[in-house]
Amino acid sequence: MSQQYVLRYFNIQGLCEALRLLLTASGTNWTEETPEWPREKSDQPLGHLPVLVESSKGGKDDVVLSETLVIERYIARKYGLLPTDILAAARQEQLRDQLHDVWSTHMEFMHSTGERSTELVTKFEQDATRLVSVHVAALRRNGNNGHYFGEALSYVDIAAYAFFKFFSDAGPKSLKAKVGLLNYTRIPEVSKLMATVEASSSLAPYFTAEKENGARLATRFK
Amino acid sequence: MTADNTTPTYVLRYFDIIGLAETSRMLLTAAKAEWTEEHPEWPQEKPNQPFGHLPVLVEKSGAEDEEDFVLSESGSIERYLARKFNFVPTDNKQMARHEQLRDQHLDAIIAFFAQLSLVDEAKKEKREDFDAMLDKVIEIHTSLIRKNDDCGYLFGEELTFADMSAYAFYKLLVMYAVTFEADVAPFVKDKITPEVLHLLRTVESDPLLHEHVEKKGSFVAHILTE
């Protein structure tokens with residue numbers, strides 16, 4: 001039974017770049033749609049995007065999922081990118097959740113003002129510093145082979161790739177120095193990870209399309 | 001090896017608040033796991049936590065030569081416990097439904113806390129986001145309860161992760177978020193539908209959570225008597 005997926009989202013990196021990579025790595029058949037917004041907001045199960053629609057061969061909609069990380073884990077588990085052993089899976093998920101937390105802090109900062117803004121810069125700095133040390137330790141523990149666990153591409157490799165790519169721009173002025181903490185070109189273990197992910201054969205279609213899709217990837221801070 | 005104590009024990013590190021740990025507390029209790037809670041000195045113990053945050057779950061295997069398994073991130077902790085103790089189905093799609101609800105609860109909670117520090121127009125807008133999310137959550141809970149023959153659980157006929165997450169969601173807003181903005185408690189209580197109340201009663205009266213309710217008090221009684 002051939003599965004077909006439609007990812008509904010805006011044409012930005014936003015929350016979805018890791019998911020796009022995961023869908024590509026899964027080798028499955030998928031496309032993307034950009035709903036009219038906010039006209040189609042109320043058509044979505046939870047009134048927000050992203051939404052993943054899975055339909056089976058007969059064209060019937062089997063599953064409609066919301067919540068980015070839930071969709072990520074669903075695809076990752078289904079296509080063997082996340083281990084079935086719950087302890088091993090938890091180890092990956094906590095690292096990925098940490099990446100999401102720091103990204104969220106950055107997003108909150110972008111919409112904040114005044115005292116809260118200042119608080120968030122400090123929080124971002126602390127959490128980003130911590131994140132780098134935790135992730136470097138994990139990569140080293142695995143022998144610095146370009147993967148967080150084992151020797152094959154997995155969920156957290158992909159999520160980390162999307163995260164560090166997102167922050168590889170200079171970013172808004174006030175966060176500039178802090179975003180520099182996440183500059184992977186200065187972190188050997190993460191540079192190795194990035195290169196390894198880019199060389200993955202299962203991701204070749206994504207990187208080919210990226211050359212044509214430059215517009216989306218250039219709008220990092222939207 | 002004939003170890004007679006191969007059952008793991010757990011330590012949950014968090015603050016002495018409802019916060020983000022209530023679901024994990026319920027899961028550990030409902031699982032009949034041997035567990036204790038630690039309240040680290042804060043922020044002194046911050047650097048000692050793997051990710052610099054709480055909650056943290058420590059699973060001790062009981063075997064002498066085995067390292068403890070230390071897990072951070074409340075979502076990861078909840079999902080690990082839910083899976084380990086069979087409070088979610090093993091089927092990928094069904095599990096995703098539980099997780100989706102849990103993340104939706106968290107989104108609404110985050111939206112509430114995000115508007116606290118804002119003022120004027122920005123606060124109004126963000127508060128409206130929270131209101132809309134809350135309405136959506138209640139709508140979904142209500143619909144699921146009805147679809148499930150009004151038996152009082154969200155899915156199936158037994159207590160699951162989704163039920164515990166939903167209970168903790170309402171409890172957090174009415175009993176914890178209220179300490180930040182008093183009006184949120186009556187606001188949420190007014191919106192609770194009969195189906196949601198049925199869910200809360202069912203969760204609270206589940207034998208697996210008897211000990212939890214004994215210790216923490218009845219949330220349902222709190223809603224009904226104020």
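## Domains of chain B

Chain B is divided into domain 1 (9-84) and domain 2 (92-224), with bounds that come from an automatic or database domain assignment. The C-alpha centres of these two domains of chain B lie 22 Å apart. The structure is a predicted model, in which local features need pLDDT of at least 70 and side-chain atom pairs count only at pLDDT 80 or more, while totals for chains, interfaces and linings use all residues. Residues are numbered from 1 along each chain as its sequence is written, chains are lettered from A and ligands numbered from 1 in the order in which they are written, and side-chain values use heavy atoms, with hydrogens and water left out.

## Confidence

The mean pLDDT of chain B is 94, and 97% of its residues reach 70 or more; pLDDT is the predictor's confidence in each residue, from 0 to 100. The model scores are ipTM 0.90 and pTM 0.93.

## Interface between the domains of chain B

In chain B, 18 residues of domain 1 are in contact with 20 residues of domain 2, contact being heavy atoms within 4.5 Å. About 1,700 Å² is buried between domain 1 and domain 2 of chain B, and carbon and sulfur atoms give 70% of this area. Buried area is the accessible area (1.4 Å probe) that two parts lose on being put together, summed over both.

Three salt bridges are found across this interface of domain 1 and domain 2 of chain B, where a salt bridge is a side-chain nitrogen of Lys or Arg within 4 Å of a carboxyl oxygen of Asp or Glu. The side chains of E78(B) and R102(B) also form a salt bridge, at 2.9 Å from N to O. On the side of domain 1 of chain B that touches domain 2 of chain B, helix 1 (22-30) and helix 2 (74-84) each supply at least two residues. Helix 1 of chain B gives the most to that side, with seven residues. Helices (H or I, at least four residues) and strands (E, at least two) are DSSP runs, numbered from the N terminus.

## Interface between chain B and chain A

Between the chains, 32 residues of chain B are in contact with 32 residues of chain A. The area buried between chain B and chain A is about 2,800 Å², of which 52% comes from carbon and sulfur atoms. Seven salt bridges are counted between chain B and chain A. The side chains of R83(B) and E93(A) meet in a salt bridge, at 2.9 Å from N to O.

Strand 4 (69-72), helix 2, helix 3 (92-116) and helix 4 (120-147) of chain B each supply at least two residues of the side that touches chain A. Helix 3 of chain B gives the most to this side, with 10 residues.

## Backbone features

Most residues other than glycine have a negative phi, and most peptide bonds are trans. In chain A, a cis peptide bond joins W37(A) and P38(A), with omega about 5°. A cis peptide bond also joins L49(A) and P50(A), with omega about 5°. P38(A) lies in the loop between strand 2 (29-33) and strand 3 (51-55) of chain A, and P50(A) is in the loop between strand 2 and strand 3 of chain A.

In chain B, K32(B) is not a glycine, yet has a positive phi of about 60°. K32(B) is placed in the loop between helix 1 and strand 2 (34-38) of chain B.
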